[in-house]
Structure formats: C-alpha cells, structure tokens
Amino acid sequence: MIISTKKGTPQAELDRIIDSFEKQGLSVTLIRGTDYNVFGLVGDTTKIAEKDVLANPWVENVTRVSAPYKRANRLFHPEDTVVDAGGVKIGGKSPVAVIAGPCSVEGEEHMIRMARLVKAGGATLMRGGAYKPRTSPYSFQGLGTEGILDMVKAKEATGLPIVSELMDEAHIDEFEEYVDVVQIGARNMQNFQLLKAVGKMTKPVLLKRGLANTIEEWIMSAEYIMAGGNENVILCERGIRTFERATRNTLDLSAVPVVKEKTHLPIVVDPSHATGDYKYIQSMAVAAVAAGADGLEIEVHDNPQCAWSDGAQCLKPDKFAETIALCRKVAAAIGREM
Ligand code: PEP
Ligand code: MN
C-alpha cells in the first residue's frame with residue numbers, strides 16, 4: 001500500500017502516521033520528494049481500509065499495490081536509484097557504465113593486461129569470473145580465491161572496480177573484502193538462499209536475469225535481496241531462452257523500458273551472453289544504449305580462440321574500443337553521458 005501526504009504535512013504528523021502503522025506490524029518506509037511524502041507499507045495490509053486512512057486530513061492518496069514486489073516497485077520509490085559501484089555511479093542520469101573483461105580470470109598477468117586494455121577502450125569497471133557456473137562439470141570451474149586476488153592486483157594497476165560472480169555463501173567474506181560488485185549469475189537468479197545471504201551484504205549486487213524467467217520473477221529476486229536490507233541492486237538482462245537457435249539466447253531489449261517503468265533499479269545489458277557470438281555484440285550494445293540501458297557488460301579477450309571460457313562471445317580489445325566509441329555517439333544522441 002502506498003500513502004501520499006499533502007505538501008507541508010508537519011513532521012510530527014508524519015511520525016505519528018509511521019508509528020500507527022508500525023504498531024499494526026507493518027514495515028514503513030518514508031520517501032521524501034521536493035513536493036511530496038510517500039509512505040510505502042510492506043506486510044499484511046489487507047486489514048487496513050482505505051477510507052480509514054483517508055480520514056486523516058493530511059493524507060492525499062491511498063493506492064493498493066497489486067504487484068508482488070514492494071521495495072523494488074517504482075511506486076514506492078518514484079526516483080531512479082543510483083548505485084555506487086566501487087565509486088562508479090550506475091543508474092539515474094549517471095553516465096552509461098561499462099563493465100568489461102574476460103569471462104574467466106586467467107591469472108594475474110593476463111588479468112592486469114586485460115584490465116588495462118578494457119580501461120583504454122572505455123570500461124569503467126572490470127569483470128572476471130573466479131567461480132564459474134559451467135554447464136559441464138568437466139569444464140574449467142574457475143581459479144577460485146587466486147582469481148579474486150588476481151583481480152585485486154588488476155584493480156591496483158588500473159583503479160577499475162571489480163565485478164565478479166558469487167556462487168556460494170561460503171565465499172561471502174572473501175567477496176565482502178575484495179569485490180566491489182557481487183554478480184549473481186543467471187543460473188542462480190532463483191537460488192533464494194543465496195539471494196537472502198547477499199541481502200545481508202554491504203556490497204552492491206548485479207542480478208542477472210534467469211535463462212527462462214519472466215521479468216516479474218526477476219524483480220521478485222531483486223525484492224529478496226532488498227528485503228534482506230541490501231537496496232543496492234542492479235538488474236542485468238543477458239538474454240532468455242526461446243525457440244530461436246541462431247543466437248545463444250534471445251536478447252530481450254524490451255526488458256529495459258519495462259524494468260524502468262516497474263522499478264527504480266538500474267538495468268545493465270549483457271550482449272555477450274545474450275548473443276553468444278562476437279559478431280552480434282556491437283549492434284546489440286548500441287541498441288541497448290539506445291533503449292536506455294544504464295550500463296553494458298561485455299566479455300573482452302585479447303586472444304578469444306584461447307580463452308578459458310566463452311571465447312566465441314568475446315570482443316577483441318580494438319573491436320571493444322570501437323563499440324564503446326559507437327555507443328557514445330548513441331548516448332549523446334539520446335542526451336545521456338557515457
Ligand atoms: C558470466 O557473466 O560469465 C555468466 C556466466 O553469465 P550468465 O550468468 O548470464 O550466464
Ligand atoms: Mn561468460
């Protein structure tokens with residue numbers, strides 16, 4: 001339930017309203033705008049009658065929210081959320097963020113080289129997987145802690161914040177210490193135990209859309225993280241599985257405006273995992289920026305044929321730089337910095 005109060009409602013009255021709902025066992029968030037105050041009530045609001053709330057002369061409007069997500073709901077938070085990702089702002093009117101790097105971390109020297117190359121090409125954050133969710137148990141599973149520490153060295157060399165995937169609660173302390181943005185992969189989007197655990201973390205979360213999940217299910221997963229107390233969630237569209245086999249997945253670019261309408265959270269697009277083919281990444285990256293994405297996540301490798309994972313969907317550094325230059329022109333055309 002959303003309650004808005006009239007302009008100029010005294011603070012004592014706002015406090016009294018909060019108190020009365022909290023006494024009924026509801027959690028209340030007060031969102032202040034320049035011209036409005038909005039209360040978001042989360043919990044069982046079925047017993048509250050609209051007419052009783054409207055009896056308060058300071059109350060302007062009462063809306064029942066039919067969507068199952070509350071904290072992620074744009075109605076609860078009309079302004080865009082801007083997430084601080086290791087010093088880089090993502091969302092709202094912030095410049096379009098660029099997360100780039102290899103699929104897997106492949107050692108310290110390589111990670112430092114890749115971080116320097118993607119930074120030169122326009123990346124504002126670096127990515128690299130140290131714990132890899134592979135379809136086959138016989139495929140490379142990631143360097144683990146060593147890979148995370150390689151990224152720390154690359155951050156020391158370039159200043160780029162670290163984005164890396166967390167697969168297991170057991171590694172939370174390590175991620176809390178070293179990683180700037182905790183990626184939750186598509187395959188774990190509905191691992192609710194893991195979502196609850198990252199909801200207790202202080203680091204922002206990049207939540208990828210599941211391979212076969214609806215936008216509503218995806219936002220509900222963001223709600224899990226936010227319900228735990230971590231409001232810094234960035235959504236990432238990375239393609240969904242459809243009947244089409246010409247691309248690895250089907251990039252659902254309409255998710256960008258839909259997510260922006262329904263939620264206040266930033267949304268990033270990953271054209272690498274969406275297409276699975278380096279040839280299509282540039283056009284889909286440009287299209288994502290045109291659609292209003294708050295960021296891109298792109299896999300980049302200096303020698304894709306020899307990449308330890310996902311080589312087919314990695315851009316070479318020069319093509320990556322060319323892609324970002326093109327994206328910047330599109331961003332400028334729609335009045336967005338990049
Ligand atoms: C990745 O980012 O390397 C990855 C495995 O992505 P996804 O979870 O989207 O498949
Ligand atoms: Mn990958």
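A search of the whole structure finds 3 aromatic pairs. Rings of Phe, Tyr and Trp (its six-membered ring) pair if their centres lie within 6.5 Å; planes under 30 degrees apart count as stacked, over 60 as edge-to-face and the rest as tilted. The model is predicted, so local features need pLDDT of at least 70 and side-chain atom pairs count only at pLDDT 80 or more, while totals for chains, interfaces and linings use all residues. Residues are numbered from 1 along each chain as its sequence is written, chains are lettered from A and ligands numbered from 1 in the order in which they are written, and side-chain values use heavy atoms, with hydrogens and water left out.

One of the pairs joins Y131 and F175. Their ring centres are 6.0 Å apart and their planes lie at 40°, so the pair is tilted. Y131 sits in the loop between β8 (125–127) and α4 (145–158), and F175 in helix α5 (residues 172–178). The pair therefore ties together parts that are 44 residues apart in sequence. Helices (H or I, at least four residues) and strands (E, at least two) are DSSP runs, numbered from the N terminus. Y131 is buried, at 11% relative accessible area. F175 is also buried, at 0%. Here buried means under 20% relative accessible area, exposed over 50%, and partly exposed in between (1.4 Å probe, protein chains only).

Another aromatic pair, F140 and W308, is edge-to-face. The distance is 5.1 Å centre to centre, with 85° between the planes. This pair links distant parts of the chain, 168 residues apart. F140 lies in the loop between β8 and α4, and W308 in the loop between β14 and α11. F140 is partly exposed, with a relative accessible area of 25%. W308 is partly exposed too, at 40%.

The loop between β14 and α11 (317–333) also holds D310. This residue has a positive phi of about 55°, although it is not a glycine.

The largest pocket holds about 280 Å³ of space. Its lining has 24 residues, and D310 is among the closest to the pocket centre, with K132, P133, R187 and H273. β9 gives the most, with 3 residues. By class, the lining has 4 nonpolar, 9 polar and 11 charged residues. Ala, Val, Leu, Ile, Met, Phe, Trp, Tyr, Cys and Pro count as nonpolar, Asp, Glu, Lys and Arg as charged, and the others, Gly among them, as polar. On a 1 Å grid over the protein atoms alone, a pocket is an open set of points with protein on both sides within 12 Å along at least five of seven lines; lining residues have an atom within 4 Å of a point. Grid points are joined across faces, edges and corners, and the volume is the space filled by probe spheres set on the points.

Strand β1 (residues 2–5) is covered on both faces. I2 and S4 on one side are buried, as are I3 and T5 on the other. β1 runs antiparallel to strand β4 (residues 59–63), joined by 4 bridges. It also runs antiparallel to strand β3 (residues 37–42), again through 4 bridges. Two strands pair if DSSP finds at least two bridges between them. S4 has N61 as its bridge partner in β4 and stands opposite V38 in β3.

Conventions
1 Å grid on protein atoms, 1.4 Å probe; cavity = no way out; pocket = protein on both sides within 12 Å on 5 of 7 lines; lining within 4 Å.
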